[in-house]
Amino acid sequence: RHRIAHLEEKLEALEAGCASKERQSNYYLAEGRAIRRVITLFDNVEDLVTENDRRYDLNDDEESNVEQVFRPSSYQDQLQVGYITLTHTLPWFHKKGVEMEYDEYAHMMKTLQQGADSARGDDTSKLKTLVAEWVNREFKPVDPVDPDDKHSCGFINDACGKLLCPAEFDWNNPIVKAGIRDHSEGYIVMDLSFPAFLYDKYQTNPDDLEEGLFKGRILLQGYKAVFTSPSSAKDIEGDGDGVDVIRNNRLAKKSFAGVKVQFALSSVTSWWSIDGDFDYIQFWRTIIDFFEKPPSREAHCRVDKLLEWWTRKVFGRSHHDNISNTAKANMSVNALARQRAQRDDAPFDSP
């Protein structure tokens, strides 16, 4: 009987350990879902950590050899920014990673990556349906976009083609339309072109390609569908005062929405980093650089104004500052507080 009791205790301990490990795995999966949305859309978590470790080692080497100069590439800079954003988004990550044994650390990294990729897949699937719905409602194409048939999307579909058309071309020109569809020389669509859906009213000014950029209606709807809710994407007409909370994660979120909408409009049937001549990774980095590396102080101010516009569009108008102090004092919360105070003071004021 003692042996049976001992075996039962060991079984309970094993079950408790499995349950604890399962809870930990679920936690990492849930936390990992934020990675593709606010940290990095394509890079692996391991790559971010490796780049940070590499810089740490190089700093140690430079202390002993002052003549050595380290000039990181643009991609390495983005990895480092990604790692910093990772530690801000998941503040427990660094401390827990240092304290873990290797097997536990490897399991954590693998599970975080699974959560990240799972969220990207869910968002891609969600937007595939929603973007088709928005395009059909706004453009009412003769051949509606079918979310279940990606072969009906892309440049073969007139409405999708209009939105995917590079900013330097006019989709209404039959020569342009035929050239893009036939992949003719001079009409190859690459990641070096901003697609029309990024622009306000899907129209561009050839003399000022920054005008209206990142103000496209479908781009804004895609952002709201993922970061607020699909139902909120129906209302994008709000414009007012709001706190600039977008700034905290501006590079990942804006580029995330742009890349996802581009994919949803395309005829690609599954998620790939390259679609023919269009490199999604480079497209993502181009958007990041637009916001994070403005070439001048004036360009930086324009980026700030654009972010303020996004905040107003996403979060709407706040009327809080328009309410007078008198009106606030008469509202029920403040009125109740006065009434309760008066009741408490009444016994002391009575003769």
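This is a predicted model: local features need pLDDT of at least 70, side-chain atom pairs count only at pLDDT 80 or more; totals for chains, interfaces and linings use all residues.
Residues are numbered from 1 along each chain as its sequence is written, and side-chain values use heavy atoms, with hydrogens and water left out. Local features need pLDDT of at least 70 and side-chain atom pairs count only at pLDDT 80 or more, while totals for chains, interfaces and linings use all residues.

Salt bridges were taken as a side-chain nitrogen of Lys or Arg within 4 Å of a carboxyl oxygen of Asp or Glu, and the whole structure holds 13 of them. One of these joins Asp122 to Arg33, with the closest N and O atoms 3.0 Å apart. This pair links distant parts of the chain, 89 residues apart: Asp122 is in helix 6, and Arg33 is in the loop between helix 1 (2–32) and helix 2 (35–39). Helices (H or I, at least four residues) are DSSP runs numbered from the N terminus. Accessibility was classed as buried (under 20% relative accessible area), exposed (over 50%) or partly exposed in between, with a 1.4 Å probe and protein chains only. Asp122 is partly exposed at 39%, as is Arg33 at 26%.

A second salt bridge connects Glu133 and Arg137, whose closest N and O atoms are 2.6 Å apart. Glu133 and Arg137 are separated by about one helical turn because they are four residues apart in helix 6. Glu133 is partly exposed at 33% relative accessible area, and Arg137 is partly exposed at 46%. The side chains of Asp158 and Lys177 also form a salt bridge, at 2.8 Å from N to O. Asp158 lies in helix 7 and Lys177 in helix 8, so this pair ties together parts that are 19 residues apart in sequence.

Aromatic pairs were defined for rings of Phe, Tyr and Trp (its six-membered ring) with centres within 6.5 Å; planes under 30 degrees apart count as stacked, over 60 as edge-to-face and the rest as tilted. The whole structure contains 17 such pairs. Among them is the tilted pair of Trp92 and Phe93, with 6.3 Å between centres and 55 degrees between planes. Trp92 is buried at 15% relative accessibility, and Phe93 is buried at 3%. Trp92 and Phe93 belong to one aromatic cluster with Tyr27 and Tyr28.

No disulfides, defined as pairs of cysteine sulfur atoms within 2.5 Å, were found in the whole structure. For Cys153, the nearest cysteine sulfur is that of Cys160, 4.8 Å away. Cys153 is buried at 3% relative accessible area, and Cys165 is buried at 2%.

The loop between helix 6 (102–139) and helix 7 (158–164) contains Lys150, which is buried at 6% relative accessibility. A polar atom of the Lys150 side chain lies 2.8 Å from the backbone oxygen of Ser266. Ser152 is also in the loop between helix 6 and helix 7, and is buried at 18%. A polar atom of the Ser152 side chain lies 3.3 Å from the backbone nitrogen of Asp146.

Helix 9 is largely enclosed by the rest of the structure, because ten of its eleven residues are buried. The buried residues include Ile218, Tyr223 and Phe227. Ile188, in the loop between helix 8 (174–181) and helix 9 (217–227), is partly exposed at 32% relative accessibility.

Notes. Helices (H or I, at least four residues) and strands (E, at least two) are DSSP runs, numbered from the N terminus. A polar contact is a pair of N or O atoms within 3.5 Å; within protein, one must be able to donate a hydrogen and the other to accept it, and residues adjacent in sequence count only if both atoms are side-chain atoms.
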